[in-house]
Amino acid sequence: MPIFINPFRKADVSDFEGVYVPLANFQRHHSAVATHEDQKNSLNKDHFDEKKLESPPDPGSSNSYSANTIEGLRAEIELDLAASGHDSAYDLKSKVINKAITDIGMGTYQWQLFVLCGFGWLADNMWLQGVALTLPGLTSEFGPSETNVRYTTCATFIGLCLGASFWGVASDVIGRRLAFNATLFLAGVFGLAVGGGNTWVGTCALFACVGVGVGGNSDETRLDVK
């Protein structure tokens, strides 16, 4: 593994072993195959031309129906649309995405993504609650009134607004992985620095920096989940 990594290098599919699988070698999820067979057997012939699916495949033809071909996937999508009674462009795209997610299943990569994005949601929600819990301590430590100490929350939300505005655009430039890790890094570093604030104003500034990381992190988590 190289010591210095170029954060602006565009990743290629070959960099992630096992992620790209040729369609001909892909193993369809058993639930997707079973659902398709049930729909094919129960669908009325008036809504779909069964001959396209039931005709015996021609060994010399590349267009024979198979689940692991583009023609086979297209036939499954058309069958699903005919069974649902909706054939808009949105329904077509939704069927394609849902079938892909179902076939992919919940593997090691998906669980890793689940845990990673969970840390993003944890940071997002934890710090909003954490700021409120520190207000009484800030009042007793630095002496601001109960009214003025609430500006600590205001400083945090200013950072949230700046982070959400900046990182949403930056992720399109430098990539979501680098942006996601950077926002977690900022939230962690400045979150630790908050505990060493010498003045109330300085603590508010540190909370604002935490907000920059957390605000961008919430955007990146939503993008990664999508």
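Trainee: Before we start, what should I know about the model and the numbering?

Mentor: This is a predicted model, in which local features need pLDDT of at least 70 and side-chain atom pairs count only at pLDDT 80 or more, while totals for chains, interfaces and linings use all residues. Residues are numbered from 1 along each chain as its sequence is written, and side-chain values use heavy atoms, with hydrogens and water left out.

Trainee: How many helices and strands does the protein chain have?

Mentor: The protein chain has 8 helices and 0 strands; from the N terminus on, its elements run α-α-α-α-α-α-α-α. Helices (H or I, at least four residues) and strands (E, at least two) are DSSP runs, numbered from the N terminus.

Trainee: What share of the residues counts as buried?

Mentor: Of the 226 residues of the protein chain, 28% are buried. Buried means under 20% relative accessible area, exposed over 50%, and partly exposed in between, with a 1.4 Å probe and protein chains only.

Trainee: And what about contacts that span the sequence?

Mentor: Among contacts between residues at least 6 apart in sequence, 67% join residues at least 24 apart. Contact means heavy atoms within 4.5 Å.

Trainee: Let us turn to helix packing. At what angle do H6 and H7 pack?

Mentor: Helix H6 (residues 151-174) packs against helix H7 (residues 176-194) at about 135 degrees, and the axes are 7 Å apart. Axes are lines fitted to C-alpha atoms, for helices over the stretch in contact, and angles run from 0 to 180 degrees between N-to-C directions.

Trainee: Why are they called oblique?

Mentor: H6 and H7 are oblique to each other because angles under 35 degrees count as roughly parallel, over 145 as roughly antiparallel, 65 to 115 as roughly perpendicular and the rest as oblique.

Trainee: Which residues make that contact?

Mentor: Trp167, Ser171 and Ile174 contribute from H6, and Arg176, Leu178, Ala179, Ala182, Thr183 and Leu186 from H7. These residues divide into 6 nonpolar, 2 polar and 1 charged. In that division, Ala, Val, Leu, Ile, Met, Phe, Trp, Tyr, Cys and Pro count as nonpolar, Asp, Glu, Lys and Arg as charged, and the others, Gly among them, as polar.

Trainee: Is Thr183 buried or exposed?

Mentor: Thr183 is buried, at 0% relative accessibility. Residues up to four places away in sequence aside, Thr183 touches Trp167, Gly213, Gly216 and Asn217.

Trainee: On to the rings. How many aromatic pairs are there in the whole structure?

Mentor: The search finds 3 aromatic pairs. One of them joins Trp111 and Phe114 edge-to-face, at 5.7 Å centre to centre and with 85 degrees between the planes. Rings of Phe, Tyr and Trp (its six-membered ring) pair if their centres lie within 6.5 Å; planes under 30 degrees apart count as stacked, over 60 as edge-to-face and the rest as tilted.

Trainee: Where do Trp111 and Phe114 sit?

Mentor: Both belong to helix H5 (residues 108-142), where they are 3 residues apart and so separated by about one helical turn. Trp111 is partly exposed at 48% relative accessibility, whereas Phe114 is exposed at 53%. Another edge-to-face pair is formed by Phe166 and Trp167, at 5.0 Å centre to centre and 75 degrees between the planes. Trp167 is buried, at 8% relative accessibility.

Trainee: What does Leu128 touch?

Mentor: Leu128 lies in helix H5 and is partly exposed, at 35%. Neighbours within four places in sequence aside, Leu128 is in contact with Phe157 and Leu160. The C-alpha atoms of Leu128 and Gly211 are 9.0 Å apart, although 83 residues separate them along the chain.

Trainee: Finally, what surrounds Thr203?

Mentor: Thr203 belongs to helix H8 (residues 200-225) and is buried, at 2% relative accessibility. Neighbours within four places in sequence aside, Thr203 is in contact with Leu138, Phe142, Val194 and Gly197. A polar atom of the Thr203 side chain lies 2.8 Å from the backbone oxygen of Thr199.

How values were computed:
Polar contact = N/O pair within 3.5 Å; in protein donor to acceptor, adjacent residues only side chain to side chain.
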